[in-house]
Amino acid sequence: MTLLSVEKPSPEVASMRAMSEQGRALMGGTRAMRDAGQAYLPRFESESDASYAARLKGSWLFNGYKKTVRDMAGRVFDKPVEIVEGPPRLNEWAENIDLAGRDLSTFALSVFEDALSGCGISWVMVDAPPREGQVTQAQAQSQNLRPYLVHLSVEDVLGWRVENVGGVPTVTMLRIKEAAREADPKDEFADQEVEQIRVLDIPEGRVRTRLFRKSSETGWQQWGDDQFSDMDRITVVPFYAQRAGFWQGEPVLDDLADVNIAHWQSQSDQRNILHFARVPILFATGRSEDEGPMTISAGMARTASDPQARLQWVEHGGQAIGAGRQDLKDLEFQMEAHGLQLLAARP
């Protein structure tokens with residue numbers, strides 16, 4: 001049986017991903033904004049492909065959005081995260097909370113920034129390496145078979161199912177999109193990235209994990225056997241930067257994102273007009289087209305038989321440049337009003 005909907009994001013996830021697009025692009029900086037192309041930098045009417053590509057390449061982002069996110073996160077995490085209560089081993093685990101080298105403070109900072117810069121929500125999952133057979137506590141400690149935290153963004157989560165258990169809304173199914181790195185069977189020195197979907201549910205009072213992988217012939221199919229844990233609930237919790245409902249968020253800095261994108265567009269216009277203003281045009285009168293091309297260089301002189309002939313430079317008046325500069329200043333002030341404290345003028 002082919003599973004057509006296992007990879008399909010739920011309507012809630014699709015909506016939150018759409019709300020995250022602006023923030024994700026801005027967090028990616030100038031390169032991400034250029035890659036987005038016409039999504040955030042519209043093309044002028046009758047503008048050629050070459051002209052638009054040159055204008056896009058010459059545009060750069062004044063990233064007030066990213067600075068604001070980093071500043072706010074820095075204020076929250078100006079002191080390390082501390083574990084007040086719990087067994088001593090928790091403090092040891094906190095030094096490498098994700099088994100990838102990040103301590104608890106660094107991990108929490110990334111979760112906070114992800115929710116703040118995206119759709120207002122992020123998730124933390126507690127996972128653990130699989131254990132084969134009966135494993136003693138000493139064996140688990142020697143083999144580092146201990147729980148660790150996994151950060152899930154809205155791009156990782158595909159959907160969930162909620163049921164009322166004991167009067168409390170409880171997630172009873174969760175689909176997570178993952179990328180597994182494996183050795184390339186065709187090249188012993190290369191790795192390949194395999195897309196897979198992890199499905200967690202609770203069919204018999206215990207959490208079951210299933211993996212699905214896509215085949216070009218059969219589509220999405222289960223890969224491997226079902227894995228059951230001793231847990232009776234899915235150990236994933238949401239972090240809300242701005243809550244919009246159960247397991248749903250909404251952007252915190254969407255107004256700032258709008259203004260920053262307007263600044264990106266105005267900055268592009270400003271640099272574009274500066275290019276034309278800095279390159280004057282040589283205009284000649286009293287000269288026929290069949291006289292051939294005219295070369296302008298130092299140490300050369302031009303003559304003409306027509307007494308009315310003229311040769312002069314035509315330059316931009318410059319009024320639009322001042323207006324564009326003022327527009328950029330106004331937008332920067334609006335970004336400051338929306339939370340860009342680093343730009344505030346201080347004595």
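1. In this predicted model, the axes of helix α1 and helix α2 (residues 29–36) come within 6 Å and cross at roughly 130 degrees. That angle makes α1 oblique to α2. On the α1 side the contact is made by A25, L26 and M27, and on the α2 side by G29, A32 and M33. By class, the contact of α1 with α2 divides into five nonpolar residues, one polar and no charged.

2. Helix α1 (residues 11–27) also packs against α4, at an angle of about 90 degrees and with the two axes 8 Å apart. The helices α1 and α4 are therefore roughly perpendicular to each other. Here G23, L26 and M27 of α1 meet Y65, K66, V69 and R70 of α4. The residues of this contact comprise four nonpolar, one polar and two charged.

3. The crossing in which α4 passes α6 is right-handed. From α4, the residues Y65, V69, R70, M72, A73 and V76 take part; from α6, their partners are L109, F112, E113, L116 and S117. The class count for the contact of α4 with α6 is eight nonpolar, one polar and two charged residues.

4. Within helix α6, attention may be drawn to S105. Is S105 buried or exposed? S105 has a relative accessible area of 18% and is therefore buried, the cut-off for that class being under 20%. Leaving aside residues up to four places away in sequence, S105 touches F77, P80 and V81.

5. Turning to the strands, the model contains an open sheet of three strands in the order β2-β1-β9, with antiparallel pairing. The edge strands are β2 and β9, each of which pairs on one side only. From one strand to the next, the twist averages 25 degrees.

6. Strand β1 spans residues 121–127 and is mostly covered, six of its seven residues being buried. How many bridges join β1 to β2? The antiparallel pairing of β1 with strand β2 (residues 148–152) runs over five bridges. Within this pairing, V124 stands opposite H151 of β2, and D127 stands opposite Y148 of β2.

7. On the β9 side, β1 pairs with strand β9 (residues 236–240), in the antiparallel sense and over five bridges. I121 stands opposite Y240 of β9.

Key
Residues are numbered from 1 along each chain as its sequence is written. This is a predicted model: local features need pLDDT of at least 70, side-chain atom pairs count only at pLDDT 80 or more; totals for chains, interfaces and linings use all residues. Side-chain values use heavy atoms; hydrogens and water are left out. Buried means under 20% relative accessible area, exposed over 50%, partly exposed in between (1.4 Å probe, protein chains only). Helices (H or I, at least four residues) and strands (E, at least two) are DSSP runs, numbered from the N terminus. Two strands pair if DSSP finds at least two bridges between them. A crossing is left-handed if the near helix is turned anticlockwise from the far one by less than a right angle, and right-handed if clockwise. Contact means heavy atoms within 4.5 Å. Ala, Val, Leu, Ile, Met, Phe, Trp, Tyr, Cys and Pro count as nonpolar, Asp, Glu, Lys and Arg as charged, and the others, Gly among them, as polar. Axes are lines fitted to C-alpha atoms, for helices over the stretch in contact, and angles run from 0 to 180 degrees between N-to-C directions. Angles under 35 degrees count as roughly parallel, over 145 as roughly antiparallel, 65 to 115 as roughly perpendicular and the rest as oblique.
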